[in-house]
Amino acid sequence: MIIQPKTRGFISLTAHPEGCANNVKEQMEFAAEHSIADAPKNVLLIGASTGYGLASRIALAFAGGANTIGVFFERPADGDKPASAGWYNSVAFKKFAEQKGLCAENINGDAFSSDIKEQAIALIKQKFGKIDCIVYSLASPKRIDPFSGEVFKSVLKPIGTSFTGKTVNVDREEVTEVTIEPAAADEVYATEKVMGGEDWELWIQALLGENLLENGTKTVAYSYVGPEITWPIYANGTIGAAKDDLMRARTAINFLMAGIGGRAAVSVNKAVVTQASAAIPVVPLYISILFKIMKEKGCHEGCIEQMVRLFRDHLYGISPMKSLDDEGRIRLDEFELSEDVQHAVLDIWPKISTENLNQLSDIKGYKQEFLKLFGFGLESVDYGKDVEI
Ligand code: NAD
């Protein structure tokens, strides 16, 4: 069938299999030009089908030669409804990795559930023996607690006081002002339950309990800090509280893995266009300005550039875990937060409006990247051609 994009706010209801495969291929080709010394051999990635998790998988496989198990929650095709982008990405990744002689297994289901943890454990025992790296890259709107069955929904809200600031309606290219009321205490708690570190800990406990971790296993989860203009809604908001909980979990996991000489890390990554970041108020407008500045300064990076740097320069390679910030985190956001980049962003921020959006930001680039997440807008794809969904 012929597949066209069908965007609704910050999601696309359709995805293009060939476009998604080409996206994976492009990242794979970038990764293949790099090499991660002392890379892990067998990696479990939780949240492996899009964004930072997919780029981690591609970097570890094609720059590091790792075998991978990818866990994700994606929608297969149904009748004449195409599958989700992450589904097509994962099918393409498996094909390309196997062509390179690498083992690549996919598990589609709710990573928060005990059932999916058991499936992963069974697969590791059957195919890998043990694993030596776990990447935790989930971004989810909700979580069902595996013990109580309670459903927790994450919210993107400030804490304490309401927030009023600029945001963009990407479809209409309109800059508007948004006011978001502060989160209630139970919403802060729910966001921590979904996006915090509890499930990361549960995965490590489950794997350790089955003796499936090699000595010296490393595990990493991702965080974001960003500039002050985003703090009310990010760092100081509900999602920031969840990211603080990730730091608590890192300490707990380090304690759990001490016996096997394991190490847990939190990496602060830069802002990129993903399905998760598109849903955060204020952030798409900030990213559109940031991209314009970083492209002009020649320091623009996407997910794959970031993830190659993470595994090659920070987690593995010649001097692993050496350059950390005051809180012991890996920092990949040094270009984003550099003084000259932020100075230029702050110069634009108060001036930006619907009228000058195209001059003062890279909104077109943002939209292109957004469509690309779903396999659309690529020159290499003939969108008029029938494809098998
Ligand atoms: P994304 O939306 O691209 O990817 C989310 C992944 O989680 C997908 O693979 C999806 O299938 C999976 N997933 C969601 N719910 C699941 C469930 N219940 N079970 C199994 N899999 C599930 O998100 P992203 O932007 O790559 O975010 C990944 C991590 O990186 C998050 O912790 C996010 O906070 C962090 N981060 C993102 C940015 C950014 O700008 N996008 C910046 C810094 C840090």
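I call it a salt bridge when a side-chain nitrogen of Lys or Arg lies within 4 Å of a carboxyl oxygen of Asp or Glu. Before going on, a note on the ground rules: this is a predicted model, where local features need pLDDT of at least 70, side-chain atom pairs count only at pLDDT 80 or more, and totals for chains, interfaces and linings use all residues. Numbering runs from 1 along each chain as its sequence is written, and side-chain values use heavy atoms, with hydrogens and water left out.

**Entry 1: salt bridges.** I looked up Asp-347 and found it paired with Lys-351, with 3.4 Å between the closest N and O atoms. For burial I use relative accessible area: under 20% is buried, over 50% is exposed, and partly exposed is in between (1.4 Å probe, protein chains only). Asp-347 comes out partly exposed at 43%, and Lys-351 is partly exposed too, at 47%. I also noted a network: Asp-325, Glu-327, Arg-329, Arg-331 and Asp-333 are joined by salt bridges that share partners.

Next I checked Arg-312 and Asp-313, whose side chains form a salt bridge at 2.7 Å, N to O. Arg-312 is partly exposed at 26%, and Asp-313 is partly exposed at 33%.

Then I asked where in the chain Asp-199 and Lys-117 sit. Their side chains meet in a salt bridge, 2.7 Å from N to O. Asp-199 is in helix H6 (residues 198–209) and Lys-117 in helix H4 (residues 114–128), so the pair links parts of the chain 82 residues apart (helices are DSSP runs of H or I with at least four residues, numbered from the N terminus). Asp-199 is buried at 1%, and Lys-117 is buried at 8%.

Entry 2: A pocket here is an open set of points on a 1 Å grid over the protein atoms alone, where a 1.4 Å probe fits, with protein on both sides within 12 Å along at least five of seven lines; lining residues have an atom within 4 Å of a point. I read off about 500 Å³ for the second largest pocket, the volume being the space filled by probe spheres set on the points. The lining has 21 residues, and Glu-26, Gln-27, Cys-303, Glu-369 and Lys-372 are the closest to the centre.

Which helix gives the most to this lining? H1 does, with five residues. Helices H1 (17–32), H2 (51–62), H10 (303–315) and H13 (363–373) each supply at least two.
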